[in-house]
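This report goes through one structure part by part. The sequence and the structure are shown first, and the text follows.

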Amino acid sequence: MNSQLRRRIASAALIIGFFVAWEVLCLAFGIKDIVLPRPSQIVVTLWQRLPAIWPHALQTVHTTLVGFALGIVVGVFLGALIGSSKLAYDVAYPLLIGFSSIPKVAVVPIFVLWFGAGTIPAVLTAMILCVFPIVVNVATGLATTEPELEDVMRALKASKLDILMNVGLPRTMPYFFASLKVAITQAFVGTVIAETVASNRGIGNLMMIASSSFDVPLVFAGLLILAVLGVALYVIFSFIEDRVTGWAHRKDEFAMG
Amino acid sequence: MMHTPIPQAQARLDAFVELQQVTHTYGRGDKQVHALDATDLRIEKGDFIALVGPSGCGKSTILKLVTGLISASSGYVFVAGREVGAEPVRVGMAFQNPTLLPWLTLRDNVMLPLKIVAPFRQEYRSKRRTESRDRVHALHAQVGLADIADKYPWQLSGGMMQRASLCRALVHEPQLLMLDEPFGALDQFTREELWGIMQDLWMTHRPTVLLVTHDLKEAAYLANRICVMQARPGRIIEESIVTFPRPRTIAMSYDPDFVTLTQRLRELIMASRPPKETMQ
């Protein structure tokens, strides 16, 4: 795994290099921190104001995870429904594409109208953003089961439920977990959008308030937190994906004979 | 047109599988394909029948009709004395593509039918799961998979996967075994080895087998009776009884009688092919 180690070192070097270059360029051109604060200033701000930022960060993570959980439930249900038959798949697909191509920011005001400003619109926005990748992937995974395999099962007089439990769902797992990685970042985006537009808590709201009072280092501190949280959630779900669906990633293995 | 009341068709008691004047048409309107024309076929219990013929002659259609995966456009299909679908007959199937589940080990793949088919389903669900494992192990030992039962399908060669596929088709002791070109994608040596294994499995378990194949040597090696089919519309044009003693060997396939048989089958199929200009 020498090449993998080298790749990791290169990735880390690129990230560090990016921040160093940022710092150096800001110093060299004398850029004011009200325009673009230096990374060192951002970290200092983050450290000093952590007690104030922390509840907001927790709120954002909490909202994201609740929205994400709802998204999984709704997404798997709809995906299983649509993927269960070729007819349902063909009929529902245009509507699904239509819904998924609506810019989701546009629905936040509607949620605010229905539920008032606060946590609920944020949870719903997170859900609606993350539900589509899950639906599409689960439906595709189910709909692409080999016809011969289905014949084998039907010749065994297996019920629809037997086929779903033994073939359909396990087969869909790689698609499902691949979609979770995308979905969790989407849920995160949804939360922050909704918090920015209509909430009085959360990182999105914090950044909104900070920018209106020209507290630019705090805005960037918020961005940094978002980046770290986003990466952390992504890593957690990639790890789960690897553990659960290792059989689908077998490139490193080789066949005998 | 005459309108005489149709007498309820009766299955002949001595046949395990019987097709009476069965036709099958795919699609409708202009795209209609007449896959099978009024076909009669009788298979005794425990017999081994091969269906050979050019592409599109309805070989696989017969297989699906007998399994109940599709229903006849007209005519009757009987299995075990009842119309297909109503009969309590266990069926096993194997295809050219082994269609093993990549997330299960070979053992679990082969065990799949035991999770689904009665009475094994109850055995599997109760505490007696070891009986299922023993059943799988015995079958694995017979085809030479016992040492690699814990491997995953993608770690194995095509021949090994196909053995597992055959085991999966046989593990629930089916009375009826449907083979749709199961050896078609294998190399010559593996294929001949698997013919031997297949013969062995048939001689010990004695299911009624319907084998669809392009390979005339395979048909002559394995089957008791070979049905030669013709395309467009599909129909059986000749049936040959194969009388070579069992167990048959590869060496036997160089016997003059064996060669004469495969030659004759070949000529029949060539002669029945539609003229060039109508082919696409």
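For a chain of 280 residues, a compact globule would have a radius of gyration near 19 Å, and the value for chain B, 20 Å, agrees with that. The model is a predicted one. Along its principal axes, the C-alpha trace of chain B spans about 60 × 50 × 35 Å. Of the 280 residues in chain B, 41% count as buried. Among contacts in chain B between residues at least 6 apart in sequence, 71% join residues at least 24 apart.

**Confidence**

The model has an ipTM of 0.73 and a pTM of 0.73. For chain B the average pLDDT is 83, and 91% of the residues score at least 70. Residues 1–7 of chain B have a pLDDT below 50, and this stretch makes zero contacts in the model beyond near neighbours in sequence.

**A sheet in chain B**

Chain B contains eight helices and ten strands. Four strands form an open sheet with antiparallel pairing, in the order β2-β1-β4-β5 (chain B). At the edges are β2 (33–43) and β5 (82–83) of chain B, each of which pairs on one side only. Helix α1 (residues 59–67) of chain B packs on the sheet and touches β1, β2 and β4 (74–79) of chain B. The direction of this helix makes about 115 degrees with that of β1(B).

How many bridges join β1(B) to β2(B)? Strand β1 (residues 17–26) of chain B is joined to β2(B) by seven bridges, and the two run antiparallel. Across this pair, Glu18(B) stands opposite Arg42(B) in β2(B).

**Where the chains touch**

The contact between the chains takes 19 residues from chain A and 22 residues from chain B. In chain A, α7 (147–155) and α8 (160–198) each supply at least two residues of the side that touches chain B. The largest share of that side, six residues, comes from α7(A). The table sorts the side of chain A that touches chain B by class.

| Class of residue | Number on the side of chain A that touches chain B |
|---|---|
| Nonpolar | ten residues |
| Polar | two residues |

**One residue of chain A**

Leu87(A) is placed in helix α4 (residues 86–100) of chain A. Is Leu87(A) buried or exposed? Leu87(A) has 8 other C-beta atoms within 10 Å, so Leu87(A) is exposed, the cut-off for exposed being 12 or fewer. Leu87(A) and Leu223(A) are 136 residues apart along the chain, and their C-alpha atoms are separated by 45 Å.

Technical notes: Residues numbered from 1 in each chain as written. Chains lettered and ligands numbered in written order. Predicted model: local features only at pLDDT ≥ 70, side-chain atom pairs only at ≥ 80, totals over all residues. Pairing = 2+ DSSP bridges. Contact = placed C-beta atoms within 7 Å. Axes fitted to C-alpha atoms, helices over the stretch in contact; angles between N-to-C directions. Nonpolar A, V, L, I, M, F, W, Y, C, P; charged D, E, K, R; others polar. pLDDT = per-residue confidence, 0-100. Buried ≥ 20, exposed ≤ 12 C-beta atoms within 10 Å, placed from the backbone. Rg over C-alpha atoms; globule rule 2.2 N^0.38 Å.
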